[in-house]
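These are my notebook entries on one protein chain. The sequence and the model come next.

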Amino acid sequence: MGFQTAKENSDEMSEINMTPLVDVMLVLLILFMVTMPVLTQEIRVTLPKTTSQTPVTASKDPINLAIRADGSLQWNQENLSDEAVTKRLVIAAKEQPQPVIRLYGDAAVPYGKVMNVLASAKEAGITNIGFVTEPMPQK
């Protein structure tokens with residue numbers, strides 16, 4: 001009836017069916033033919049002409065502002081309260097040119113403490129703050 005023995009089924013097809021491969025290759029060929037004109041289009045852009053100038057650097061020594069792990073603040077190795085640091089930031093903001101503030105933050109300092117110091121510097125008018133990722137040098 002419809003039953004086959006093992007001997008009859010042992011002749012497996014050993015040829016590779018190339019039809020799916022050819023179909024995929026034709027689809028890829030059409031895709032590349034359609035997208036190639038899109039890739040070769042260009043737009044002319046007129047770029048503005050500029051001159052480079054040497055950046056103005058502060059003539060004064062930078063100020064090292066450190067936030068220690070316990071939340072205390074140091075201004076050039078001198079321990080100060082939050083209010084004293086705010087007063088010094090206001091004074092530094094009025095200087096011309098403004099000194100560079102290097103902000104050192106301990107890894108254990110809460111993020112909010114750093115944000116408070118940055119907010120104080122912004123309110124004072126400080127425009128040049130750099131974040132330092134290396135430990136503060138000890139004098």
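The entries below record what I looked up.

**Conventions.** I worked with a predicted model, in which local features need pLDDT of at least 70, side-chain atom pairs count only at pLDDT 80 or more, and totals for chains, interfaces and linings use all residues. Residues are numbered from 1 along each chain as its sequence is written, and side-chain values use heavy atoms, with hydrogens and water left out.

**Entry 1: helix 3.** I took helices (H or I, at least four residues) and strands (E, at least two) as DSSP runs, numbered from the N terminus. Helix 3 covers residues 82–94, which is 13 residues. The expected span is 1.5 Å times one less than the number of residues.

I then asked which residues of helix 3 are buried. I used buried for under 20% relative accessible area, exposed for over 50% and partly exposed for values in between (1.4 Å probe, protein chains only). Val85, Leu89, Ala92 and Ala93 are buried.

**Entry 2: the core.** A nonpolar core is a set of buried Ala, Val, Leu, Ile, Met, Phe, Trp, Tyr and Cys residues joined through side-chain atoms within 4.5 Å. The largest has 18 residues, and Ile67, Trp75 and Leu89 are among those that touch the most other members. Strand 1, strand 2, helix 3, strand 4 and helix 4 each supply at least two residues of this core.

Isoleucine 67 is in strand 1 and counts as buried, at 2% relative accessibility. Isoleucine 67 and valine 109 are 42 residues apart in sequence and 7.2 Å apart in space, C-alpha to C-alpha.

**Entry 3: the backbone.** Glutamine 96 and proline 97 are joined by a cis peptide bond, with omega about -10°. Proline 97 lies in the loop between helix 3 and strand 4. Asparagine 76 is not a glycine, yet has a positive phi of about 50°.
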